[in-house]
Amino acid sequence: MADSSVQSEALNSIPALLARNAEKFGARTAYREKEYGIWQSWTWAEAAKEIEALALGLLELGIREGDYVAIIGRNRPYFYWAMVAAQSVGAVPVPMYQDANAQELAYVLGHCCARFAIVDDQEQVDKILEEKDNLPDLEHIIYVDPRGLRKYDHTHLHQYSHIQEIGRAAYDEFNPELERRLAKLGYDDTCVMLYTSGTTGKPKGVVLSNRNVIESSKNSAAFDNLTEEEEILAYLPMAWVGDFIFSVGQAYWCGFCVNCPENAETMPTDLREIGPTYYFAPPRFFETQLTSVMIRMEDAGRIKKWLFDHYMKVAREVGPSILDGRPVPFGKRLSYALGNIFIYGPLKNVLGLSRIRVGYTAGEAIGPEIFEFYRSLGINLKQLYGQTEATVFITQQPDGEVRADTVGVPSPGVEVEIRDNGEVYYRSPGVFVEYYKNPESTADTKDAEGWVATGDAGFFEESTGHLRIIDRAKDVGKMADGRLFAPKYVENKLKFYPNILEAVVFGAGRDFCTAFINIDLNAVGNWAERNNIAYASYQELAAHPQVYAMIQDHVEEVNRSVAEDEMLSGCQIHRFLILHKELDADDGELTRTRKVRRRIIEEKYADLIRALYDGSEKIYTETEVTYEDGRKGRISATLEIRDASVVPTKAKVAAQ
Amino acid sequence: MSSLTHKQEIPEGGYRTPDGRIIGGVLMDLKHITLRFGGVVAIKDISFDIREGEIRAIIGPNGAGKSSMLNVISGFYVPQEGEIWFRGQKRPPLKPYQVARQGVARTFQNIALFKGMTTLDNIMTGRVTKMKSNMLEQAIWWGKAEREESEHREKVEEIIDFLEIQAIRKTPVGRLPYGLQKRVELGRALAAEPDLLLLDEPMAGMNVEEKEDMSRFILDVNDEYGTTIALIEHDMGVVMDLSDRVVVMDYGKKIGDGTPDEVRNNQAVIDAYLGVVHE
């Protein structure tokens with residue numbers, strides 16, 4: 001139809017999609033947020049009005065085309081509106097991590113020379129004011145929650161709702177300008193700038209165009225048949241590309257509803273109340289959820305426990321097959337149906353996953369047991385592989401071809417190739433425009449033909465055509481005797497144990513591999529309680545001999561499993577220690593998306609690594625820690641180092 | 001709740017705090033209070049005032065009579081001698097519930113919540129002085145009672161939001177950790193929309209983090225709602241940081257009164273706390 005082609009041609013920006021949604025889905029709910037214990041909702045038509053009012057208000061404040069607008073807050077409709085309002089006036093929204101400290105925020109604000117910051121509350125305002133002398137370009141701060149801010153100097157500080165009021169009042173004056181700017185938005189104009197958390201060095205600003213965002217959203221929505229009927233829960237950091245694609249890109253393309261939880265702690269309850277149909281969570285979330293289910297089942301009565309164990313066994317056996325539509329004997333099917341009534345149904349309901357049609361996990365490898373647990377319950381959980389530079393999607397698992405150890409086939413419109421060094425490269429309409437103010441890095445990452453290096457090493461499975469990722473390409477190294485060293489591969493195997501929160505494996509250029517282990521306080525604490533082990537602090541629990549013994553069992557089990565893989569058998573862990581503190585993003589040891597920053601850990605704990613290799617049995621160490629408010633303190637501990645038994649391997653035998 | 005106005009001139013009897021807040025005139029004036037239990041004199045001829053918008057601390061060693069003083073203010077004890085002036089009027093001997101209706105709310109040293117009820121319901125009980133419908137109407141939950149409940153619920157939800165306890169809204173308080181129970185108790189007192197809020201050892205038994213949270217909430221209550229606060233507290237660091245003026249008691253007598261700095265340098269106070277050698 002002529003009509004539809006004209007329409008799709010005009011849909012070349014998020015504000016254009018908003019206008020379409022306001023017309024086409026005007027009465028459908030676009031946003032919900034739980035506030036004062038009640039789900040408040042806005043239809044697409046109402047959301048369009050709110051966004052327009054804010055955009056007009058920003059014009060009144062003198063926003064220029066091409067300005068950068070920082071957005072700092074938890075997932076709330078106000079911030080999604082702020083992003084679209086910024087786009088409407090030709091500015092570029094830059095969402096940031098709200099838990100970043102003042103210096104981190106200042107770096108990003110300074111790097112993009114943001115003139116406006118739209119923030120959540122006093123906490124964020126304080127952080128910015130603390131650094132305001134270093135931010136000469138920042139002119140206006142707009143906050144949503146006025147609490148505690150009444151007495152601040154309001155020359156450059158504004159309340160969000162006041163800016164909207166000003167905008168509404170100035171409708172006649174500024175609307176022509178707003179319409180002029182809206183009409184100018186093009187397919188290759190910048191849609192959003194997202195700073196990558198960066199496992200090394202300073203964060204880089206990834207510039208994504210409207211084309212990147214809309215093409216990726218369109219393709220991925222078609223891949224999973226997403227419609228305006230979907231409900232999603234927006235709870236992942238707004239600074240992360242995934243949230244932008246799910247809660248803005250796909251939501252605007254499809255016209256579905258974005259639900260915002262009341263706050264981070266109420267998220268599980270809110271999830272249950274909303275019952276999303278399309279859902280995304282990092283592996284860690286599923287791990288935590290599964291751990292809490294298992295902990296609670298340990299405390300359940302005998303009959304309940306038996307029912308749970310029995311039907312979970314049935315589920316593990318036939319659940320995934322039923323989900324993938326493979327043939328299953330009638331008796332088993334009946335048993336699964338009963339299990340659904342007694343266990344799976346109620347359990348999914350408690351977890352808030354009853355209505356899931358498509359669920360994704362990405363960002364890290366997920367434990368096979370965890371993955372199978374959810375799939376066996378009949379939840380269509382899949383994996384995808386992506387990055388900010390690709391506007392999320394590189395590969396995805398199609399329905400019916402889901403496995404724990406692959407990341408699927410190339411997403412629609414994406415070309416993937418493996419270069420000689422084993423690194424994965426891709427090219428797609430989602431490939432980012434550039435790193436902001438960083439042409440060298442852009443050139444390093446993206447070649448002239450638009451191929452982008454992922455930095456990950458992987459290979460395609462010949463039989464299925466699915467991609468498997470081994471590790472970060474730069475982390476894959478050689479050990480002293482030339483055997484392959486892939487730390488992430490081993491760390492993931494360790495982390496699949498609920499008792500192990502985090503692991504860092506060392507061994508590049510060494511004779512053997514060693515590891516730092518972080519225990520999971522929830523899981524191990526609960527275990528300690530059940531076994532009458534008293535402890536006063538994290539540090540004490542971590543150093544407990546019985547905890548060490550338990551972790552040693554896990555390490556040795558992992559060694560056995562690593563030994564089976566000929567290529568990676570050199571990565572068995574010979575010696576390990578349990579860290580006396582949790583690795584923390586505030587101390588720079590993890591990124592804000594909780595990825596291990598190897599270089600920093602190696603530097604900071606150089607003494608511990610030395611001890612792992614010099615054969616000592618104990619090591620005294622002092623560590624600087626940063627508290628949430630930015631103050632610093634020191635903790636000291638004497639850590640035990642243990643040897644783990646390893647399976648002799650061919651390479652080793654040959655070497656001897 | 002009294003809204004905060006930016007009056008630049010300092011009102012009669014008021015003063016300006018070092019951090020720039022303006023404190024108003026006298027809200028409550030206690031004159032020559034003496035409280036006896038039989039032969040024991042718990043409070044001996046104590047006078048001090050509490051001014052509008054200030055945070056006023058009452059400190060002293062154990063058994064100094066601090067809690068008795070708070071109970072006098074809340075109307076639980078009626079002093080044998082002395083006068084209490086509230087908002088410029090002499091207060092006759094009243095029952096505690098009558099005092100509560102005048103706009104005085106309190107929390108307790110030992111948490112006094114309804115353990116089996118949810119956070120929401122507990123805070124709702126703080127609204128009782130504001131409810132107009134009678135028992136029959138409430139029992140059949142019809143007409144006025146129904147309307148009223150949603151109005152009160154709105155107020156309660158505002159407090160839940162303010163104290164950031166959304167996640168425990170429907171949790172029975174008996175299951176909550178101590179620090180959160182204290183916060184719920186503060187919520188219940190706030191639900192009465194008091195002009196004068198009495199806090200009896202709000203930080204007792206808390207860890208450092210919980211104390212920091214509670215301090216922030218106390219400051220926020222004072223700042224956001226303009227509520228006058230009188231508190232008893234043992235943690236000197238907290239008291240000195242939070243309060244505008246401090247009354248120091250020892251053995252039922254007032255031995256000091258003034259800003260935290262004045263009190264800190266007062267020899268009688270130092271002696272009371274550190275002890276002196278009695279010859």
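This is a predicted model: local features need pLDDT of at least 70, side-chain atom pairs count only at pLDDT 80 or more; totals for chains, interfaces and linings use all residues.
## Domains of chain A

Chain A is assigned three domains. Domain 1 spans 2-261, and domain 3 spans 477-655. Domain 2 is given as 283-431 + 453-472.

Domains 2 and 3 of chain A have C-alpha centres 27 Å apart. Their contact draws twelve residues from domain 2 of chain A and 13 residues from domain 3 of chain A. On the domain 2 side, two elements of chain A give two or more residues: α12 (283-298) and β21 (467-472). The top contributor there is α12(A), with five residues. By class, this side of domain 2 has six charged, three polar and three nonpolar residues.

## A three-stranded sheet in chain A

Strands β8, β9 and β19 of chain A form an open sheet, in the order β8-β9-β19. The pairing is antiparallel. At the edges sit β8 (190-195) and β19 (434-435) of chain A, each pairing on one side only.

Strand β9 of chain A covers residues 205-209. Two bridges link β9 to β19(A). In one bridge pairing, A:V207 has A:E434 of β19(A) as its partner.

## Helices of chain B

Helix α1 of chain B runs over residues 66-73 and is mostly covered. Seven of its eight residues are buried. They are B:K66, B:S68, B:M69, B:L70, B:N71, B:V72 and B:I73. After α1(B) comes B:G75, which has a positive phi, near 90 degrees.

Helix α6 (residues 178-191) of chain B packs with helix α7 (residues 208-225) of chain B. Their axes lie 10 Å apart, at an angle of about 10 degrees. Angles under 35 degrees count as roughly parallel, so α6(B) and α7(B) are roughly parallel to each other. From α6(B), the contact takes B:G179, B:K182, B:R183, B:L186 and B:L190. From α7(B), it takes B:E210, B:M214, B:F217 and B:V221. By class, the contact has five nonpolar, one polar and three charged residues.

Most residues other than glycine have a negative phi. A:V392 is not a glycine, yet has a positive phi of about 75 degrees. A:V392 belongs to strand β15 (residues 392-396) of chain A. The cut-off for a buried residue is 20 or more other C-beta atoms within 10 Å. A:V392 has 30 C-beta neighbours inside 10 Å and therefore counts as buried.

B:H32 also is not a glycine, and has a positive phi of about 50 degrees. B:H32 is part of strand β3 (residues 26-37) of chain B.

## Contact between the chains

Chain B puts eleven residues in contact with nine residues of chain A. Two helices of chain B, α5 (144-162) and α7, each supply at least two residues of the chain B side. The most comes from α5(B), which gives four residues.

By class, the side of chain B that touches chain A has eight charged, two nonpolar and one polar residue.

How values were computed
Residues are numbered from 1 along each chain as its sequence is written. Chains are lettered from A and ligands numbered from 1 in the order in which they are written. A residue is buried if 20 or more other C-beta atoms lie within 10 Å of its own, exposed if 12 or fewer, and partly exposed in between; C-beta atoms are placed from the backbone. Domain bounds come from an automatic or database domain assignment. Two residues are in contact if their C-beta atoms, placed from the backbone, lie within 7 Å. Ala, Val, Leu, Ile, Met, Phe, Trp, Tyr, Cys and Pro count as nonpolar, Asp, Glu, Lys and Arg as charged, and the others, Gly among them, as polar. Two strands pair if DSSP finds at least two bridges between them. Axes are lines fitted to C-alpha atoms, for helices over the stretch in contact, and angles run from 0 to 180 degrees between N-to-C directions. Angles under 35 degrees count as roughly parallel, over 145 as roughly antiparallel, 65 to 115 as roughly perpendicular and the rest as oblique.
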